[in-house]
Amino acid sequence: MKNDLLAGWVAFLASPAAPAMAMRPLELEGYITGLVVAPDLIPPSLWIPFLWGDDEPVFDNTEQMQAALDSVMGHYNAIIRQIDNQIDGNGPAWLPMYFDENGIANVEQCTQWARGFCKTMAFAPEVWLDLADHERSSMLVEQFNVFFNIDEIDKRLPPEEVVEMRRASAEYIPSVLPALRKMAQILASKASRPMRSSIKIGRNELCPCGSGKKYKRCCGLN
């Protein structure tokens, strides 16, 4: 694995305590990255339960549980530090784990990563839809959208164009993340919206990723 900070989570996934649908590393990193750049601050009490999937984990002891959560939180905090350093001009662009050691993006792995990012959008659907509709921010959200509407895009465009579009977006995402993070910080400083206590999205409502499709036909499929 590219990042040792998730070693504790990988160990948890290999144990009998892990539910079958618990997030795999690529999806997990996309999920916590989405939390880092989310327009609303999402407290761990809301997003941690979704790590397990549909079933609750059955830990052997509190130490096992703490090791798994420490692994996730350690990676979450590392992403914050690296993206914030990039914003401040004190470091290079942070590369998600779908990039290999040579800095080449794996499009198939990015699709899994983006699936986790999409799930984060369900915490603040109205705000993400606003970003997707706004002229100045729509291009930022667009980079993820090409991974959400896979079937629709595959039918509409030649295969070689689809591959190139996704590759370009996968490579561009690290440049988009600081802009989204900065926008989130500005919104947080204004404190113009109360924190939501619920993240339930109706299956027939529009998906917060901005695809224009119903949630059940888009991010809700996963």
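Predicted model: local features only at pLDDT ≥ 70, side-chain atom pairs only at ≥ 80, totals over all residues.

Student: At what angle do H2 and H5 pack, and how far apart are their axes?

Tutor: The angle is about 45°, and the axes are 6 Å apart. H5 covers residues 107-120. The crossing of this pair is right-handed.

Student: Which residues of H2 and H5 make the contact?

Tutor: On the H2 side they include Leu26, Gly30, Tyr31, Gly34 and Val37, and on the H5 side Gln109, Trp113, Arg115, Gly116 and Phe117 are among them. Sorted by class, the contact of H2 with H5 has six nonpolar, seven polar and four charged residues.

Student: How do the axes of H2 and H4 cross?

Tutor: Helix H2, residues 25-37, and helix H4, residues 62-87, have axes that come within 10 Å and cross at roughly 55°. H2 and H4 are therefore oblique to each other. Their crossing is right-handed. H2 contributes Leu28, Glu29, Ile32, Thr33, Leu35 and Val36, while H4 contributes Val72, His75, Tyr76, Ile79, Ile80 and Ile83. This contact divides into nine nonpolar, two polar and one charged.

Student: How many helices and strands does the protein chain have?

Tutor: There are nine helices and zero strands. Read from the N terminus, the order of elements is α-α-α-α-α-α-α-α-α.

Student: What share of the protein chain is buried, and what share of the contacts joins residues at least 24 apart?

Tutor: Of the 222 residues, 47% are buried. Contacts are counted between residues at least 6 apart in sequence, and 69% of these join residues at least 24 apart. The accessible surface comes to about 11,600 Å², with 52% of that area belonging to carbon and sulfur atoms.

Student: Now a single residue. Where is Gly91 found?

Tutor: Gly91 lies in the loop between H4 and H5. Its relative accessible area is 30%, so Gly91 is partly exposed; the class runs between the buried limit of 20% and the exposed limit of 50%.

Student: Which residues does Gly91 touch, leaving out those up to four places away in sequence?

Tutor: Gly91 touches Asn85 and Gln86. The C-alpha atom of Gly91 is separated by 9.8 Å from that of Arg81, ten residues away along the chain.

Key. Residues numbered from 1 in each chain as written. Heavy atoms only, no water. Axes fitted to C-alpha atoms, helices over the stretch in contact; angles between N-to-C directions. Helix = DSSP H or I, 4+ residues; strand = E, 2+ residues; numbered from the N terminus. Parallel < 35°, antiparallel > 145°, perpendicular 65-115°, else oblique. Left-handed = near helix turned anticlockwise from the far one by under 90°. Contact = heavy atoms within 4.5 Å. Nonpolar A, V, L, I, M, F, W, Y, C, P; charged D, E, K, R; others polar. Buried < 20%, exposed > 50% of the residue type's maximum accessible area, 1.4 Å probe, protein only. Areas by Shrake-Rupley, 256 points an atom, 1.4 Å probe, with all protein chains shown as cover.
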